[in-house]
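I opened this model to look up a handful of local features and to write down what I found for each. The entries below follow the order in which I looked.

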Amino acid sequence: VDHVLTVGKNKKSRLQATRQIRREKYDVVFNLHGGTTATFFSAASGARHRVGYKNYRYSFLYNHQLSSSSDFWQREKTHSAEQQLALLGFVGVPVEDKPKGRLAVTESAKNSIELKLASQIPNPKSQIVLLHPATAFETKQWAAENFARVAEFLEAKGLKTVAVAAKNERGVLEKLREISRVPIQTFDDLTLPEITALASKAKIFVGNDSGIAHIAAAVKTPTVVIFGSSNIHHWRPWTDAPNEIVYEEMPCQPCAGYFCKEFGEPECIKRVSVESVIKGIEKVISF
C-alpha cells in the first residue's frame with residue numbers, strides 16, 4: 001500500500017478527503033466496503049471505472065457490478081478475503097493464488113514488546129500463549145472463567161499466559177486474573193504494531209472471533225478461534241498456519257450478533273465447552 005488517506009467523521013474532514021481523491025484523478029476505484037460513505041467517495045472520485053457489488057447501496061453509481069463472490073468463485077460459501085479478491089478478479093486481475101493474510105513485525109514494536117514482557121516474565125526463554133478474552137458483542141464473548149481454565153491447562157504444559165484487550169475492556173482482564181489459579185500477565189495499552197509483535201512471539205493464540213485473531217493468523221501463529229454468532233465460513237482465520245475454529249452448531253447460527261433473538265441469552269457461545277477448546281489446542285500445537 002503506497003498511499004493511505006485518513007478520514008475523520010466530521011463533514012469538513014470528508015470534504016477535504018473528497019477533494020484530495022478527486023485531485024489524484026484515479027482511473028479505477030474498487031469499493032471493498034459498500035457502505036454509504038464508501039460509495040460517496042467512489043462516486044466523487046470521478047474515476048472512469050467504478051467497481052462494486054450489485055447489492056451495494058446506490059449500486060447505480062458503479063459502472064462495473066459483480067453479482068456476488070459466490071458467483072465468481074462458483075461456490076456457495078466464501079471467505080471475507082475471497083469477497084474482496086472477487087472484485088479484483090472480476091475485472092481481470094489474477095487472484096487464483098488467493099494470497100493469505102500477512103503482517104510485518106516492525107523492529108521498534110518488537111523491541112518495545114520484549115521490554116514489556118521482560119518486566120513481567122523474567123525468563124526470556126519462556127514460551128507464551130496469547131489470549132484475547134474480549135470482543136465487540138456478548139454473542140461472541142466466551143466466558144472469562146473458561147479462558148481461566150484454558151490458561152491453567154496451558155500453564156501445566158509449560159506455557160506462560162499473556163492476555164490483551166482494549167482499555168475499555170479492562171474489566172474482562174481483571175476478572176480473568178482474579179479467577180485464574182495461575183499467573184496471567186495482562187496488557188490493555190498496546191498499540192496494534194505491539195500486539196502484532198506479541199502475537200508473533202506466541203506459541204499459540206486462543207481467543208474470540210476478533211481482529212486480534214486475524215492479526216495472530218497474519219503473523220503465522222497457530223490459532224484457536226472460538227465462534228459464537230459469527231459466520232465461521234466468512235470470518236475464519238485466513239492463513240496457512242495451523243488453525244482450528246471451535247463452535248457449537250446451532251440452527252440460528254450465524255446471525256447479526258447484536259443480541260440473541262432465539263434464546264434471549266447467546267447459547268451459541270455459552271455452549272462451547274472448555275474441553276472442545278483444549279482439543280482444538282492439541283490439534284494445532286504439540287507440547
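**Entry 1: valine 246.** I began with valine 246, which in this predicted model is buried, because its relative accessible area is 8% and the cut-off for buried is under 20%. I placed valine 246 in strand β9, and I then looked up its separation from isoleucine 278, which is 32 residues away in sequence and 9.7 Å away in space, C-alpha to C-alpha.

**Entry 2: other salt bridges.** How many salt bridges does the count come to? I recorded 14 salt bridges, and I kept in mind that side chains of opposite charge can pair when their charged atoms come close. One of them joins the side chains of lysine 98 and glutamate 82, at 2.6 Å from N to O. Lysine 98 is in the loop between α4 and α5 and glutamate 82 is in helix α4, so the pair ties together parts that are 16 residues apart in sequence. Glutamate 82 is buried, with a relative accessible area of 4%.

I next looked up arginine 271 and glutamate 267, whose side chains meet in a salt bridge at 3.2 Å, N to O. Arginine 271 is partly exposed, at a relative accessible area of 41%, and glutamate 267 likewise counts as partly exposed, at 22%. Going back to lysine 98 and glutamate 82, I found that salt bridges with shared partners join Arg75, Glu82 and Lys98 into one network.

**Entry 3: the largest pocket.** I noted a volume of about 690 Å³ for the largest pocket, and a lining of 20 residues, of which Ile21, Val29, Phe30, Phe41 and Ser42 lie nearest its centre. The elements that give two or more residues to this lining are α1 (11–24), β1 (28–30) and α2 (36–44), and the largest share, 4 residues, comes from α2. Sorted by class, the lining of the largest pocket has 12 nonpolar, 7 polar and 1 charged residues.

**Entry 4: the second largest pocket.** For the second largest pocket I wrote down a volume of about 420 Å³ and a lining of 13 residues, with Lys100, Gly101, Arg102, Ala218 and Trp238 nearest its centre. Helices α4 and α9 (211–218) each supply at least two residues of this lining, and the largest share, 3 residues, comes from α9. By class, the lining of the second largest pocket has 7 nonpolar, 4 polar and 2 charged residues.

Entry 5: I looked up phenylalanine 90 in helix α4 (residues 80–90) and found it partly exposed, at 33% relative accessibility. Phe90, Val91 and Val93 form a nonpolar patch on the surface, with about 210 Å² of accessible area together. In helix α5 (residues 107–118) I looked at glutamate 114, which is partly exposed with a relative accessible area of 33%. Glutamate 114 and isoleucine 195 are 81 residues apart in sequence and 11 Å apart in space, C-alpha to C-alpha.

**Entry 6: backbone geometry.** Most residues other than glycine have a negative phi, and most peptide bonds are trans, so I looked for exceptions. Lysine 25 has a positive phi of about 55° although it is not a glycine; lysine 25 lies in the loop between α1 and β1 and counts as exposed, at 67% relative accessibility. Tyrosine 58 also has a positive phi, near 55°; tyrosine 58 is in the loop between β2 (49–53) and β3 (64–66), and is partly exposed with a relative accessible area of 47%. Which form does the peptide bond from glutamine 253 to proline 254 take, cis or trans? I recorded this bond as cis, with omega near 10°, and placed proline 254 in the loop between β9 and α11 (267–270).

Key
Residues numbered from 1 in each chain as written. Predicted model: local features only at pLDDT ≥ 70, side-chain atom pairs only at ≥ 80, totals over all residues. Heavy atoms only, no water. Patch = residues over 30% accessible without salt bridge, like charges linked within 9 Å, V, L, I, M, F, W, Y side chains within 5 Å. Areas by Shrake-Rupley, 256 points an atom, 1.4 Å probe, with all protein chains shown as cover. Salt bridge = Lys/Arg side-chain N within 4 Å of Asp/Glu carboxyl O. Buried < 20%, exposed > 50% of the residue type's maximum accessible area, 1.4 Å probe, protein only. 1 Å grid on protein atoms, 1.4 Å probe; cavity = no way out; pocket = protein on both sides within 12 Å on 5 of 7 lines; lining within 4 Å. Points joined across faces, edges and corners; volume = space filled by probe spheres on them. Nonpolar A, V, L, I, M, F, W, Y, C, P; charged D, E, K, R; others polar.
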